[in-house]
Every structure is written in structure tokens, then in C-alpha cells.
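Let us walk through this model step by step. Keep the sequence and the 3D view side by side.

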Amino acid sequence: MHSPNHLNASVDMHGAAYVLPFEQLRMTDVDKVGGKNASLGEMISQLNEAGVRVPTGFATTSLAFRDFLAHNDLVQKIAERLTRLNVEDVRALSEAGSEIRQWIATAPLQPRLEAEIRTHYEALARAGGSFAVRSSATAEDLPDASFAGQQESYLNVEGIEDVLEKIRLVFASLYNDRAISYRVHKGFAHADVALSAGVQRMVRADCGAAGVMFTLDTESGFDDVILITSSYGLGETIVQGAVNPDEFYVFKPTLRADKAAIIRRNLGSKLIKMEFAAPGEAGRVKTLAVPTELRNRYSLSDEDVTALARIALLIEVHYGRPMDIEWGKDGQDGQLYILQARPETVKSQQKSQTEYRYALKGSAQIIARGRAIGQKIGTGRVRVVTDVANMESVQPGDVLVADMTDPNWEPVMKRAAAIVTNRGGRTCHAAIIARELGVPAVVGCGDATQTLKNGMLVTVSCAQGDEGHIYDGLLETEVTQIQRGAMPELPIKLMMNVGNPQLAFAFCQLPNAGVGLARLEFIINNNIGIHPKAVLDYPHVSPDLKKAVESAARGHASPRAFYVDKLTEGIATIGAAFYPKPVIVRLSDFKSNEYKKLMGGARYEPDEENPMLGFRGASRYLAAEFSQAFAMECQALKYARNEMGLTNIEIMVPFVRTLEQAKEVVALLEKYGLKRGEEGLRLIMMCEVPSNAILAAAFLQYFDGFSIGSNDLTQLTLGLDRDSGLALLAADFDERDPAVKFLLERAIAACHAQGKYIGICGQGPSDHPDFAAWLMAQGIGSISLNPDSVLQTWRTLAAQLPNSTTYQETATVQ
């Protein structure tokens with residue numbers, strides 16, 4: 001980080017300047033050129049040698065702006081126009097803003113300012129090319145205020161006369177409706193905020209790609225990842241929310257260790273791109289449709305994603321805080337450039353000890369889906385707005401539905417219970433504003449304005465992971481208030497059961513000792529959705545299945561690569577979220593009836609009377625007809641551990657019926673590159689068949705410990721089918737039965753005798769706190785719980801300990 005004393009000389013030298021080159025600017029010049037332009041100068045002077053490329057340019061100063069207003073007798077005129085303005089009155093706000101902007105846009109620049117601009121432009125234009133003219137407010141991008149998108153930007157500007165005109169328009173945009181409203185709500189006096197215009201050489205991203213990076217997860221605030229969004233052409237389409245971009249998540253610790261660090265990718269639709277207009281065409285830029293072939297590919301290579309993430313790390317370290325960064329890839333020279341960098345102002349500012357978690361208490365038909373912004377749930381009556389001129393129709397508590405929104409909509413966005421759009425991604429301005437307002441939003445739905453009708457009652461949920469859902473009707477919502485604080489120590493470790501990787505970044509922020517059960521079935525079912533043998537048999541499958549496989553595998557080298565990639569990403573996301581704590585990944589434990597529900601599954605799965613006791617677990621892995629499908633699971637696990645450096649990932653083998661199966665499955669894992677003990681790999685066996693507990697000592701010769709699956713162990717010990725719908729049988733299903741406890745005691749004792757891991761990951765401890773207490777008394781090493789029961793169980797187990805009430809949780813139903 002820079003030292004303020006080091007910068008005083010440059011500050012004193014240009015205190016009275018009207019125009020300054022970026023190279024002379026540092027972060028101490030925010031009062032002169034605003035946060036955006038000061039940051040560009042900071043990066044050019046301080047990070048260029050580290051490999052951060054920033055296009056050069058110059059900035060007009062706040063002094064130039066204030067003298068411009070005074071030169072045209074606008075200071076008092078503007079102040080009087082804004083006096084007594086009610087910014088909640090959208091029509092009055094629009095009229096005042098429009099009038100002030102007209103005054104500024106038609107006023108001449110003072111001669112000295114115009115002369116200085118011409119001099120600096122002449123020096124910059126010698127190298128050719130075109131320029132962007134952007135705004136930088138002097139109160140903008142402070143750590144506790146985000147003015148993102150409130151003023152105008154103009155792209156592909158050529159010639160001094162055009163530059164002078166765009167500078168006046170940028171000056172005028174300080175009084176955009178959204179900017180006036182935002183200053184009032186944030187308590188900034190209008191006269192205290194000045195405008196600096198930045199003139200920056202343009203990167204030829206119009207024939208390359210561009211996007212936005214955040215150095216934390218924008219929804220959960222998890223700060224060990226970098227989120228990168230990308231689309232073809234100029235980045236304005238992403239910033240404006242006009243496209244659904246590609247998304248990449250990069251894990252910082254393994255990036256620093258030079259490992260493969262991209263833990264997740266989402267392919268965006270990227271329907272349009274913005275390019276420079278050709279000479280003679282109307283306007284300076286134009287919007288074109290993206291060819292289908294390019295839509296079906298990622299707009300960035302893994303090498304570029306990794307290079308961008310390294311740049312983001314450098315910038316974050318330099319500024320010492322989470323950052324919001326715009327970037328462009330020049331399609332002519334192939335280089336990556338940083339166009340802006342400002343502080344992230346939402347998640348990094350949420351320091352409260354109180355946290356709220358939202359959960360639906362019911363279900364209904366999903367009528368639209370898109371990218372979730374935030375983690376809240378909103379309900380209300382649909383209000384479809386097709387034109388910004390009609391946004392006044394949005395009433396408090398409505399669900400605002402639009403093709404896309406931009407910061408101009410901010411005055412009514414704060415009225416909405418939720419926001420739904422056809423277009424947009426997680427890093428567009430509308431998403432940033434929704435987060436700042438605390439309003440749940442689902443963006444990029446594609447057809448929300450067609451499927452959602454005015455007056456419909458809907459529930460908008462952003463509490464279920466990356467994908468946001470709009471449900472028909474008003475669903476009951478539970479809001480849990482969590483009061484953070486130090487947790488009392490326990491003689492055992494409390495871990496979590498995690499299925500959905502998309503929730504891992506939020507779950508890992510609860511107190512925990514890692515993941516005792518990560519379920520591959522959820523990843524296969526939700527992120528892949530296709531039977532593994534259909535992927536392996538491609539293209540020799542039915543035409544309908546072939547089409548479905550091709551659609552799912554877009555952006556990947558082959559259907560098989562798609563299957564392995566998505567498994568790897570799901571595993572890696574959970575592994576990264578809890579890193580370096582252990583994450584025990586259970587190999588797939590679908591039963592045949594569950595596999596049959598996957599696309600193409602009916603073609604490959606047998607009809608079984610009782611799948612619970614059938615073709616599952618180790619028996620399936622060892623079967624010749626499933627060997628290649630199992631090999632894909634092993635390939636994903638091996639890549640996550642060895643290439644991505646997530647050596648906290650451990651492997652759990654379910655439903656091992658016999659000692660011979662134990663021996664063979666360990667040998668098979670070794671054959672596929674997952675050798676027990678290599679690179680610290682632990683193999684855990686699920687103790688869920690009575691034979692496992694009866695012969696516990698013998699089974700343990702092949703494994704590093706047991707994780708008790710209390711659900712299956714109970715049903716097999718008591719002879720009950722837990723999938724049976726009979727209430728009479730359900731009453732007898734109880735993990736606390738003496739027979740079940742007898743087997744549990746035997747398994748725990750065997751692990752203690754051999755000094756091996758012993759935990760439990762079944763539903764029992766979550767449902768029965770007294771059962772959890774009994775397990776603790778037996779000396780179990782860890783209990784893995786559903787995330788929603790971790791805090792309650794922790795409190796129950798710690799009740800006899802001093803200072804055990806420092807972490808509180810209350811729930812209300814809405």
C-alpha cells in the first residue's frame with residue numbers, strides 16, 4: 001500500500017490544474033479527480049511493473065468542474081432548482097434532472113479548460129485510436145458508497161470536438177435522476193460532489209471480450225474466491241445488464257499455489273455483443289447478435305481467466321480491500337487490460353454480528369428462473385414495466401418485472417419487494433443496486449415479462465443457491481436471525497452435510513469443523529442431469545437423448561468431459577468453501593430407481609422390487625457394466641485433489657456389504673489414481689450395513705475410519721424400509737433403538753481401538769438432540785449435521801459448559 005507522505009509532492013504540484021494525465025494521479029487525488037480516475041492513475045503508477053495494464057488518458061479536475069458551473073452562473077441556479085425537491089416523486093425528480101442537465105450540456109466550457117483539454121488530447125491522439133469519456137464523481141466509490149453507473153460513459157469517441165461535447169454531457173450526468181436521488185438518500189449535499197471527466201484510450205474489446213471481476217463472492221461475501229464475468233464485445237452489455245454473461249469462480253489459496261484454481265464455470269447465453277460502429281454508420285457503437293457457435297462456447301479461455309484472477313489479486317492486495325474491477329481483452333493485440341477498479345461496497349461493508357437466513361416453508365410451481373442476486377426471499381404482486389417512462393406504476397411491495405433495469409430505475413427499485421428481469425448477470429449495475437438496497441432479484445430469466453402477468457401473486461426466492469426461482473403464489477418464509485459470537489468448545493467436532501455446492505460459500509461461514517458428508521448425487525442430479533452411461537454411449541443413443549446431451553455439454557470438449565468437469569466443479573466448490581478443513585466426499589449412492597430419473601436412465605437401470613437393498617454402493621462400482629461411469633467419478637476426485645490442490649478432500653465409500661467388496665473397491669480406487677495414503681488421502685467407509693459394525697475391526701484394515709450412516713443402519717438393523725410410506729412402520733424407525741445403539745457402540749469402540757476416524761453423518765443427530773448427546777458420551781469423534789441444525793445442536797451439547805450462550809438463533813415465519 002502507498003504512503004500518503006510519499007504523495008504530497010504530486011498533490012501540491014497540480015493543486016490548481018484543470019486537466020491532469022493519469023500518470024500523475026494517485027489515490028490521494030480523489031478530491032480532485034474522483035475515485036475512478038484516481039484509481040486509474042494509482043494502478044498505472046504503482047502496478048504497471050507487476051503486469052497490470054491500464055490504458056492511459058487524462059482527467060479534468062473538480063476545480064475545472066466547479067469553475068465551469070461558476071463561469072456559466074449555474075451554481076445558485078442548480079441549488080435553487082433542487083431546494084425542496086421530493087426525490088420520492090418520480091415525475092418531479094425527472095423534470096428537475098432533465099432541466100439541470102440541459103443547462104449544463106448547452107453551456108460552453110471556460111476557455112482555459114477547453115485549451116488544456118485540447119493540449120492533452122493532442123498528445124494522446126498522436127498514437128491514433130479512439131477514446132472512452134467516463135465520469136468520476138469526487139464522492140464516488142468511497143468505501144461506504146457506491147455510485148456505480150450513476151453518471152454517463154461514452155465509447156469510441158473520436159476527434160477533439162466530439163471529446164469536448166462528451167465532456168459536457170458527462171458533466172451534466174452528475175444530475176441524472178438516479179444520482180440526485182442517491183445523494184439525497186446517502187446524505188451527500190449536492191454542492192459537495194463534483195464531477196471529473198476521464199478520457200481514456202479504448203481497448204479493442206469490441207473484437208475481443210470484456211467483463212467485470214469481484215474479489216469476493218457477491219452473494220455470500222465469501223472472500224476466498226474471485227468472481228469473473230465475461231461476454232463478447234464491449235463490456236457495456238454486461239454492466240448495463242443487457243446480456244447473461246459467462247461466469248467463472250477462481251479460488252485464491254490454490255491460485256497463489258500455482259494450482260488449477262478455476263473451481264466453477266457457468267455458461268451464459270451471450271445473445272448480443274457491442275462493437276464499434278463502422279465509418280458512416282449511425283452512432284459510435286452498435287449491437288449485434290452473437291452467432292450460435294460462439295454462444296455455445298466460453299468467451300474466455302482458462303488461461304485468460306487465470307491471468308485475470310492473478311491481476312485481481314494484485315489489485316486487491318494493493319488496495320487492501322475487496323474490489324470491483326472492469327476489464328477488457330483487446331481482440332487485436334490479445335492483451336488483458338484493466339479499465340476501472342473501485343472498492344466493493346456491499347458485502348465487504350456488512351460487519352454486523354446479526355445475520356439473517358431465509359428459507360421457504362412450502363413449495364409451488366416454478367414459473368421462471370434465473371441468476372439469484374442476494375440470498376433473501378420476496379413476495380408480492382407482479383408489476384410488469386416495459387418502459388422506463390412507466391416505472392411510476394410500481395407500488396411499494398410490488399414485484400418489479402422488466403426486460404432489464406439500469407441505475408435510472410433506482411428510485412422505484414427500492415419500492416419493490418423483489419426484482420425480476422429477462423436479461424442481466426451478477427455484476428451488472430442493476431444487480432449491484434439491488435444488493436445495496438437489500439432487495440432480492442432474479443436476473444437473466446429470458447422470458448419473465450411473458451410468463452409473469454400483471455397482478456399475479458408470486459414468491460421470488462434467492463435462498464436456494466446460484467439459481468433464483470419465481471414460484472406461483474405466496475409461500476410461507478422462515479427468517480432465522482443468527483447472532484454471531486464465539487462458540488464454546490466441545491469434546492467432539494461438529495461438521496456439516498452439504499449437497500448443493502451453490503450454497504457452500506454461505507454454509508462455510510457457520511461454525512463448523514468441515515464437511516462430514518458431501519453428496520455427489522446432488523451434483524449429478526442438479527448440475528448434470530444425465531445418466532453417466534448415456535454420456536459414455538454418445539453419440540449412439542436415441543435422437544432425443546443425443547440432442548439433450550449435446551445441449552447440456554455446450555462449452556465442453558465432449559459429453560464425457562462435460563460430465564467430469566461438472567462433477568469436478570461441484571466437488572471443488574465444496575472443497576474450496578471449507579478449505580483447509582476436511583471435506584469427506586461420498587461416492588455416488590444413487591439407487592437404481594433414482595438413477596432411472598436421470599435423462600436416459602430408464603434405458604440403463606434394472607427394475608428392482610426394493611432398490612434400497614439392490615444395485616448400489618460398492619456393488620455398483622465393482623460391476624463391469626458400471627466401471628467406466630465410476631471411472632469418471634474417480635477422475636473428477638483425482639483432478640480436484642491433485643491438479644487443483646484441494647487435498648482436504650477425502651473419499652467415503654458407501655454401502656460396502658462384505659470384506660471382499662472392501663478389499664476390491666480400495667484396489668479399484670488405487671487403479672484409478674486414488675491410492676489410500678498418497679498425498680494424505682484418507683478413505684472412509686460408511687458404516688451402514690450391520691455387517692460393518694459386527695466385523696468392524698476387519699473392515700477397518702482397508703479404511704482410515706468409519707462414518708456411520710444411521711439411516712441405513714437403523715432400517716437394516718430393525719428390518720424397516722425407510723422409503724415405505726406406511727405410517728405404522730415410520731413409528732418404529734428410531735436411531736435410538738437399543739439394537740442400533742449396540743451396533744454403534746461396537747463400531748465406535750473398534751475405531752478407538754485402532755486410533756481411526758469415527759463420525760456420524762446420518763439424519764439422527766439432527767432430528768434428536770438427545771441422540772447427539774448420547775453419541776458425544778460414547779466418544780464419537782465428529783457429528784455431521786444438516787446446516788440448519790448446527791447451531792441448535794451445538795447449543796444443546798454445550799448446555800452444561802460455561803459461557804455457552806454466545807451464539808444465538810431465533811426464527812420467525814412470514
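Pro539 sits in the loop between helix 18 (532-537) and helix 19 (543-552). Helices (H or I, at least four residues) and strands (E, at least two) are DSSP runs, numbered from the N terminus. The model is predicted: local features need pLDDT of at least 70, side-chain atom pairs count only at pLDDT 80 or more, and totals for chains, interfaces and linings use all residues. Residues are numbered from 1 along each chain as its sequence is written, and side-chain values use heavy atoms, with hydrogens and water left out.

Tyr538 and Pro539 are joined by a cis peptide bond, with omega about 10°. Another cis bond runs from Tyr579 to Pro580, with omega near 0°. Pro580 lies in the loop between helix 20 and strand 25 (583-586). Most peptide bonds are trans.

A nonpolar core is a set of buried Ala, Val, Leu, Ile, Met, Phe, Trp, Tyr and Cys residues joined through side-chain atoms within 4.5 Å. Buried means under 20% relative accessible area, exposed over 50%, partly exposed in between (1.4 Å probe, protein chains only). The largest core has 107 residues, and Phe578, Phe706 and Ile783 have the most contacts inside it. A second, separate core has 43 residues, including Ile78 and Leu164.

Now turn to Asp73, in the loop between helix 3 (62-71) and helix 4 (75-82). Its phi is positive, near 55°. Asp73 is exposed, with a relative accessible area of 63%.
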